[in-house]
Amino acid sequence: MPTVGIKTFEPLRDLDGDDDDALVSAVADWSTEQIHENDKVPGSRSVRRQAAKLCRANGYQIRNDDWLGV
């Protein structure tokens, strides 16, 4: 079974800075919901898009040329 790439979670962890990893948890929860709703693992682009959306909603700037910027 495919897994949601670690490559997306590492920048989130680094960006969040504190130890609660709220952004990582939010994206992991979203990914889990997508798996349950669609019976398949979301693609890397979808995960990155959701991560960027959450980052921007929480005041983090994500450039379009960043990994999360899709």
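Start by selecting Gln 34, which is found in helix 2. Helices here are DSSP runs of H or I with at least four residues, and strands are runs of E with at least two, numbered from the N terminus. This is a predicted model: local features need pLDDT of at least 70, side-chain atom pairs count only at pLDDT 80 or more, and totals for chains, interfaces and linings use all residues. Residues are numbered from 1 along each chain as its sequence is written, and side-chain values use heavy atoms, with hydrogens and water left out.

Is Gln 34 buried or exposed? Gln 34 counts as buried, because its relative accessibility is 16%. Buried means under 20% relative accessible area, exposed over 50%, and partly exposed in between (1.4 Å probe, protein chains only). Now show the contacts of Gln 34, leaving aside neighbours within four places in sequence: Asp 39, Lys 40 and Pro 42. Contact means heavy atoms within 4.5 Å.

Stay in helix 2 and pick Ala 28. Ala 28 has 29% relative accessibility and so counts as partly exposed. Draw a distance from its C-alpha atom to that of Val 47: 9.0 Å, across 19 residues of chain.

Next, select helix 2 (residues 22-38) and helix 3 (residues 44-57). Their axes come within 10 Å and cross at roughly 135°. Axes are lines fitted to C-alpha atoms, for helices over the stretch in contact, and angles run from 0 to 180 degrees between N-to-C directions. The two helices are therefore oblique to each other. Oblique is what remains after under 35 degrees (roughly parallel), over 145 (roughly antiparallel) and 65 to 115 (roughly perpendicular).

Colour the contact residues. Helix 2 gives Leu 23, Ala 26, Val 27, Trp 30 and Ser 31. Helix 3 gives Ser 46, Val 47, Gln 50, Ala 51, Leu 54 and Cys 55.

Now the core. Select Phe 9, Leu 12, Leu 23, Val 24, Val 27, Trp 30, Val 47, Ala 51, Ala 52, Cys 55, Ile 62 and Leu 68. These twelve residues form the largest nonpolar core, a set of buried Ala, Val, Leu, Ile, Met, Phe, Trp, Tyr and Cys residues joined through side-chain atoms within 4.5 Å. Helix 1 (6-16), helix 2 and helix 3 each give two or more residues to this core.

Zoom in on Leu 68. Beyond four places in sequence, Leu 68 touches Thr 8, Pro 11, Leu 12, Arg 48, Ala 51, Ala 52, Cys 55 and Ile 62.

Finally, zoom out. The protein has three helices and zero strands. Of its 70 residues, 31% count as buried.
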